[in-house]
Amino acid sequence: MAEEAGRDPQSLPVTLGGAADDPDRLKKYRDLGVARMNVRLPPAKADEILPVLDRWSKLIPQLK
């Protein structure tokens, strides 16, 4: 569709919504060209959210 619109598909960043915290899957998405991944957080209080954010803070550097 990008080419049909006269755009270079490589110039369009791809964002993945609701990425799972699976390092192998995230690396695969990265290698496929996904530029950004959004994290799903449960509608909960800090005591439940903070451990999720801690897991992601350790996972993200592994993807670089």
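Author: We start with Arg7, which lies in the segment before β1 (14-19); strands are DSSP runs of E, at least two residues, and helices are runs of H or I, at least four, numbered from the N terminus. This is a predicted model, in which local features need pLDDT of at least 70, side-chain atom pairs count only at pLDDT 80 or more, and totals for chains, interfaces and linings use all residues. Residues are numbered from 1 along each chain as its sequence is written, and side-chain values use heavy atoms, with hydrogens and water left out.

Reader: Why does Arg7 count as partly exposed?

Author: Buried means under 20% relative accessible area, exposed over 50%, and partly exposed in between (1.4 Å probe, protein chains only). Arg7 is partly exposed because its relative accessibility is 46%.

Reader: Which residues does Arg7 touch?

Author: Contact means heavy atoms within 4.5 Å. Not counting residues up to four places away in sequence, Arg7 touches Ala2 and Leu12.

Reader: Which residues form the largest nonpolar core?

Author: In soluble globular proteins, nonpolar side chains tend to be buried together. A nonpolar core is a set of buried Ala, Val, Leu, Ile, Met, Phe, Trp, Tyr and Cys residues joined through side-chain atoms within 4.5 Å. Here the largest one consists of six residues: Ala19, Leu26, Val52, Trp56, Leu59 and Leu63. Helix α2 (residues 46-59) gives the most to this core, three residues.

Reader: Which residues is Trp56 in contact with?

Author: Apart from neighbours within four places in sequence, the contacts of Trp56 are Ala19, Ala20, Asp21, Leu26 and Val39.
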